[in-house]
Amino acid sequence: MSVIRTSILSLAAVLQIAGATSALAASSEADFKAAFAAAEAANKEAGALRNQWTVTAAALADAKKAAEKGDFDLATAQSKEAEALAKASIYQATSEKQAWKALEIR
Amino acid sequence: MASTIRVRATASGETTEVQALIQHPMDSGFVKDAKGEIIPPHFIRELTFEYDGKSVFVADWGAAVSKDPYVKFSFKGGKKGEDLKISWVDNQGQSDTTTAKIQ
Amino acid sequence: MTITDNGFSATRRLILQGVAAVALVGPGNLGFSLAPAFAAANDKYPEDAFKAKGDADAIKALYGKAAEPSDKVKLDAPEIAENGAVVPISVSTTLADVTSISFLVSENPNALAASYRIPAGTMPSVANRLKMAKTSNVIAIVEAGGKLYSATKEVKVTVGGCGG
Amino acid sequence: MNVRSAIHVASAAVFSATLALAALALTATPPATAADTIDPAADARAFQKYFTTKFPKLKLEDFVNGPYSMDEGMHRQWEEKEQFPPYEFSLDMGKELFAKPFKNGKSFADCFPNGGIGIRQNYPYFDEKEGKVVTLELALNRCREANGEAPFSYVKDEMAALTAYMAFTSRGKPFDIKIPNDPRALAAYQNGKQYFYTRRGQLNFSCATCHVQSPGERIRAEVLAPALGLLNAMPIYRSEWSGMGTISRRFTTCNSQIRGVPLEPQADEYRDLEYYLSYVSNGLPISGPGARP
């Protein structure tokens, strides 16, 4: 189990650095629109799999609110978060197609 | 409209056991509704039980009594078939009363 | 059950206190306005006691004296409440000449939850279901022969489920 | 502010990456190769054996009391409530509603076998004409619509009162769910089983995570009920809701608690889930309406 743990931690460190540098450039309304559309599309796909998460919808709503206030940095960041959550819910639905059997009482 | 008061009064030996369940929201005034507005306080303040013209039990209730409140007590006396009068009044001036037969 | 901050309820209490104070000073109650009204013994709704915040203030407002713990007061309350909205609590006692029984939840916004007048001939035992805002001491008070006896038990209360 | 939002993004990315890795680890372990034939009877036997072995001191019918059979302190609080249960008012309302004729003079009794009395234990059933599972709540609303009346909400109030009364008339009768020899019925059963074991929501729980792996344990104040007999007490008056709730309300609230978006009440998945859960509890007595924390 420790192998997986260390790999996660190292992955986290890499992402941390990458995330910090890319966000320095301010996001424009266009960046927000693109990120928001991507997040909505991913969440729609999760809907088709009947497996959306409530937190995805919440992140989308936050992003919209931030955009309405003109804070496109925050709006873009929250849209990216929404997309990440939507993608995770899609992954969960597809992987569970087989994984559920592990729990089944036999 | 059916009474809001459900009573079970059972005489055994020389005491009568009384249980009452009352249909009432008992709103404390500290809770918000779905739209985020405060639900105003609305709770039964006084509940009285009378047998043979005399009060055998009086409850003074605050906002911390559960919704659809329940109370149980017993008193000496009371025989099968006799009446037990129950009445309540709440902080918004609403009230209800009913008479139950002792079983 | 979300509990609001106390801003709103504080103002509500101020308004009510104002009203009650006027009532007390009114002609009928002039005699009472000096000493706190001992409502429990007579037949009036103990307004001030239900508005008091802490359990000590509530007991003082209700009975005008302090209670001493007694093992003759049997308080039955769960160790962990299944839900703070419906906590079954009951008390019984072997003490004689019981005239009043009350229940207080110390950590509730107003400690006094319920008070019962026990006429002669009624057994000194009551069961009821109370609301508890959070983990708190539950205190049962029995007024017997003019003296106050009490029993206290802590009841753990928390929300259920895995959260929103 | 940029730095804060960057961390915000990074943490989300890290989170979903960890989730992906964790899920990967799970699938890495090869699932036990279950023969893919669907054998509900064998499932039910294994299901009941799992719980009677896990809780040897409990009699089979005790499982219908859910959390109250798992913890002495909870049991005493339940006994106190049962002296004068909070669902009394809903039960009376249900009895009145059930007898109240529709505008066209008919009433619910005309829609149900045996006038609707003592039949709850046969629901849900597989409707071969429709090719789908039909639940008691669905049948009640279809009866209303067939008689020109507006349907009730599936979640509480009238529907809870009606199902409370119908459950009350079946108290003590063992669950008797049938799976006809029809591939669509077997598919619906299997679909319900899959839903029961599938992890969902951001908390990544399945029904089984709580009700198979950890019944008797607590999630904060609540003691988890075993999956066996889970629906026998429905509909329930929950102190949490300080009101009645139907099976639909329980399924949807469970979904949102684990941060999964609930489906609409009476969605096919929920109908199949109820079919599976009721079938594996065959033989256990109906105890509804019930009181719960």
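Predicted model: local features only at pLDDT ≥ 70, side-chain atom pairs only at ≥ 80, totals over all residues.
User: What counts as a disulfide, and how many does the structure hold over all chains?

Analyst: A disulfide is a pair of cysteine sulfur atoms within 2.5 Å. Residues are numbered from 1 along each chain as its sequence is written, chains are lettered from A and ligands numbered from 1 in the order in which they are written, and side-chain values use heavy atoms, with hydrogens and water left out. Over all chains there is one disulfide, which joins D:Cys111 to D:Cys143 with an S to S distance of 1.9 Å.

User: Which parts of chain D does the pair tie together?

Analyst: Helices (H or I, at least four residues) and strands (E, at least two) are DSSP runs, numbered from the N terminus. D:Cys111 lies in the loop between helix H4 (88-99) and strand S1 (125-127), and D:Cys143 in helix H5 (residues 136-146), so the link ties together parts of chain D that are 32 residues apart in sequence.

User: Are D:Cys143 and D:Cys210 buried or exposed?

Analyst: Buried means under 20% relative accessible area, exposed over 50%, and partly exposed in between (1.4 Å probe, protein chains only). D:Cys143 is buried at 3%, and D:Cys210 is likewise buried, at 14%, whereas D:Cys111 is partly exposed at 34%.

User: How confident is the predictor in chain D?

Analyst: Chain D averages a pLDDT of 91, and 88% of the residues score at least 70.

Notes:
pLDDT = per-residue confidence, 0-100.
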